[in-house]
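Student: Hey, can you walk me through this protein? I'd like to start with charged side chains that pair up.

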Amino acid sequence: MLVLDNHQQIPLVEFMKVFKPMMVEGYRLSIQPRGDSMRPFIRNGKDIVVLKSAAGIKLKRGDIIFYRSLYNESMVLHRIHHIKDGCFYPVGDAHIGVECAIRPENVYGVVCEFERNGKRISADAPLYRTLVQIWLLVIRLRPFAFKAWRAIRRVTRRQQRSRN
């Protein structure tokens, strides 16, 4: 569901039927994703992603696509893990399992930039692309990385509390 400023709810699939042709014309869509499937690169309810049409773009490994789920008609924002036979195999950054094939006609857009703490970062920035490629390579190690990250954050928070 898409919730407008006046709290009116619109199913995302219905919204995208209108917005997809606009994206093809060059308009961009800024959204604030919900959920933790794209952590640590996209934070739930904090970061803003800017989508552009995927039409005419040669999508590649590491791109974040906005697509229609085959399971429940919802819209999903996940990263391309690999491409095979013209289909995209996405994975959430917080997941270790690659999803089933997504056909190009189910891809509504691709992330071209995102905003974190007021700073815009291009999805094509060399440092960002390098970090993404490393993250895709260590897919099986992600659970350990998250455990280590949580442990470091706990220690840091304790140290901050003890100073106060």
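This is a predicted model: local features need pLDDT of at least 70, side-chain atom pairs count only at pLDDT 80 or more; totals for chains, interfaces and linings use all residues.

Student: OK, so is Glu105 buried, exposed or partly exposed?

Tutor: Glu105 counts as partly exposed because its relative accessibility is 45%. Arg103 is partly exposed too, with a relative accessible area of 47%.

Student: Where do Asp63 and Arg129 lie?

Tutor: Asp63 is in the loop between strand E4 (48–52) and strand E5 (64–68), while Arg129 is in helix H2 (residues 126–137), so the pair ties together parts that are 66 residues apart in sequence.

Student: And is Asp63 buried or exposed?

Tutor: Buried, because its relative accessibility is 6% and the cut-off for buried is under 20%. Arg129 is buried as well. Lys60, on the other hand, counts as partly exposed at 38% relative accessibility.

Student: Which residues are linked in that network of salt bridges?

Tutor: Lys60, Asp63, Asp124 and Arg129.

Student: Why don't Cys100 and Cys87 bond?

Tutor: Their sulfurs are too far apart for a bond: from Cys100, the closest cysteine sulfur is the one in Cys87, at 9.6 Å. To count as a disulfide, the sulfur atoms would have to be within 2.5 Å. As for cover, Cys87 is buried, with a relative accessible area of 12%, whereas Cys100 counts as partly exposed at 30%.

Student: What about the surface? Which residues gather in a patch of positive charge?

Tutor: Lys46, Lys147, Arg150, Arg154, Arg157, Arg158 and Arg161.

Student: Which residues form a nonpolar patch on the surface?

Tutor: Val18, Met22 and Tyr27 do, with about 290 Å² of accessible area together. Met22 lies in helix H1 (residues 12–24) and is partly exposed, with a relative accessible area of 31%.

Student: Now the backbone. Where is there a cis peptide bond?

Tutor: Between Arg39 and Pro40, where omega is about 10°. Pro40 is in the loop between strand E3 (29–31) and E4.

Student: And which residues other than glycine have a positive phi?

Tutor: Asp85 is one of them, with phi near 50°. Asp85 is found in the loop between strand E6 (75–84) and strand E7 (87–91), and at 73% relative accessibility it counts as exposed. Asn117 is another, with phi near 55°.

Student: Where does Asn117 lie, and is Asn117 buried or exposed?

Tutor: Asn117 lies in the loop between strand E8 (107–116) and strand E9 (119–122). It counts as exposed, at 70% relative accessibility.

Technical notes:
Residues are numbered from 1 along each chain as its sequence is written. Side-chain values use heavy atoms; hydrogens and water are left out. Patches are made of residues with over 30% relative accessible area and no salt bridge: like charges are joined within 9 Å, nonpolar side chains (Val, Leu, Ile, Met, Phe, Trp, Tyr) within 5 Å. Accessible areas come from the Shrake-Rupley method with a 1.4 Å probe; for residues, only the protein chains shown count as cover. A salt bridge is a side-chain nitrogen of Lys or Arg within 4 Å of a carboxyl oxygen of Asp or Glu. Helices (H or I, at least four residues) and strands (E, at least two) are DSSP runs, numbered from the N terminus. Buried means under 20% relative accessible area, exposed over 50%, partly exposed in between (1.4 Å probe, protein chains only). Lys and Arg count as positive and Asp and Glu as negative; His and the chain ends are not counted. The place of a charge is taken as NZ of Lys, CZ of Arg, CG of Asp or CD of Glu.
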